[in-house]
Amino acid sequence: MSRVAVLGLGIMGSGIARNLLAAGHDVAVWNRTREKAEAVAGARVATTPCEAATGAELVISCVSDDEASRAVWLGEHGALAGARKGAIVVEMGTLTPGWIYEWASKARELGLRPLDAPISGSRNQIAAREVTFFVGGDEADIEAARPVLAATSKGQYHCGRIGSGATMKLINNLVGSVQTAALAEGLVLAERCGLDMAKVTHVLSNGSCGSPFVRASVPRILARTYETHFAVRWMVKDLDYALAECARFGVQAPFGALARARYQAAADAGHADADLTAVAELVRKA
Ligand code: NA7
């Protein structure tokens, strides 16, 4: 059993906290909106990130973006001030490599052991412990963190040095965002052509296009309920971060830019907090 702090209890953070509790870890939680922390049965609810981190062997943050992460780690009563020397600190949000480098360097100055470990998978996968972490950092620190990471995932993929998990995740979501946006167009075309949608579902899910992104998205687009597994607003954020990396390295990314515009349009149409597959409503309404 390890003493763990989980900061940020949105869809992913709350799933992580529950998995760690189920595996028998001693878990302290903190969330900006306290009710979400109180909803995690069996966890100790802290008043600040600093308080949650105090005494923990491993501190996890899973909040929305760079700004939120900065506030959680470095803000007033931030977690870095509370973490004990030698503790492993893990950033699981989908954030920019630039911020990860800055955060990791501050953590190292304090004698902490930083890992970036963004998550591949969303609501259902975290509940079933079927996510994969894209981990950046030192091998020895990953090995030390593995029992905790393994309690809430099916795999921990070591991408390389610190920040490489963040970069891998942005690339993953750049590709996945285009797949889902194009899938929406194909499915609406199939509906309008009067194809048998059960057969369309089978072909797209099991044929040459059947990536996990596509397989998960087909039923959501057809059902049109858009219960949030991964919010439209976070895909816009991820694409902003991914496109900034493309620009930094001189990579032209017109498909990524168009996908970003489509998710932004979906957000502007009132779907910002809905599942990213709500991008299909733009196609249906056009
Ligand atoms: P959610 O369910 O939208 O949760 C977002 C979390 O981030 C939630 O705990 C928020 O607290 C927290 N948040 C947002 N802004 C802040 C600030 N400024 N300070 C502290 N905490 C903040 O997102 P997911 O769980 O799906 O995703 C989390 C990350 O993983 C994200 O990077 C994704 O791209 C992948 P709140 O409850 O609103 O008070």
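Val 175 counts as partly exposed because its relative accessibility is 44%, where buried means under 20% relative accessible area, exposed over 50%, and partly exposed in between (1.4 Å probe, protein chains only). The model is predicted, so to speak of local features takes pLDDT of at least 70, side-chain atom pairs count only at pLDDT 80 or more, and totals for chains, interfaces and linings use all residues. Residues are numbered from 1 along each chain as its sequence is written, and side-chain values use heavy atoms, with hydrogens and water left out.

- Val 175 sits in helix α9, which covers residues 164–193; helices here are DSSP runs (H or I, at least four residues), numbered from the N terminus.
- Together with Met 168 and Ile 171, Val 175 makes a nonpolar surface patch of about 230 Å².
- Patches are made of residues with over 30% relative accessible area and no salt bridge, with nonpolar side chains (Val, Leu, Ile, Met, Phe, Trp, Tyr) joined within 5 Å and like charges within 9 Å.
- From first C-alpha to last, the 30 residues of α9 reach 44 Å, close to the 44 Å expected at 1.5 Å a residue; the expected span is 1.5 Å times one less than the number of residues.
- Just after α9 comes Gly 194, with a positive phi of about 80°.

**Around the ligand**

- The ligand has 20 residues around it, and Ile 11, Asn 31, Thr 33, Lys 36 and Lys 237 come nearest; a residue is near if one of its heavy atoms lies within 4 Å.
- Polar contacts are pairs of N or O atoms within 3.5 Å; within protein, one must be able to donate a hydrogen and the other to accept it, and residues adjacent in sequence count only if both atoms are side-chain atoms.
- Thr 33 places a polar side-chain atom 2.5 Å from a ligand oxygen atom.
- For Lys 237, an N or O atom of the side chain is 2.7 Å from an oxygen atom of the ligand.
- Trp 234 has a polar side-chain atom 2.9 Å from an oxygen atom of the ligand.
- Taken alone, the ligand exposes 790 Å², and the protein buries 85% of that; accessible areas come from the Shrake-Rupley method with a 1.4 Å probe, and for residues only the protein chains shown count as cover.

**Salt bridges**

- There are 17 salt bridges in the structure, each a side-chain nitrogen of Lys or Arg within 4 Å of a carboxyl oxygen of Asp or Glu.
- One of them pairs Arg 34 with Glu 38, with the closest N and O atoms 2.8 Å apart.
- Both Arg 34 and Glu 38 lie in helix α2 (residues 34–38), 4 residues apart, or about one turn of the helix.
- Arg 34 is partly exposed at 37% relative accessibility, and Glu 38 is partly exposed at 49%.
- Glu 281 and Arg 224 meet through their side chains in a salt bridge of 2.6 Å, N to O.
- This pair links distant parts of the chain, 57 residues apart: Glu 281 is in helix α14 (residues 280–285), and Arg 224 is in the loop between α11 (212–223) and α12 (232–248).
- Glu 281 is buried, as its relative accessible area is 6%, whereas Arg 224 is partly exposed at 43%.
- Glu 281 also forms a salt bridge with Lys 285, the closest N and O atoms being 3.9 Å apart.
- Salt bridges that share partners join Glu 191, Arg 224, Glu 281, Arg 284 and Lys 285 into one network.

Notes: Helices (H or I, at least four residues) and strands (E, at least two) are DSSP runs, numbered from the N terminus.
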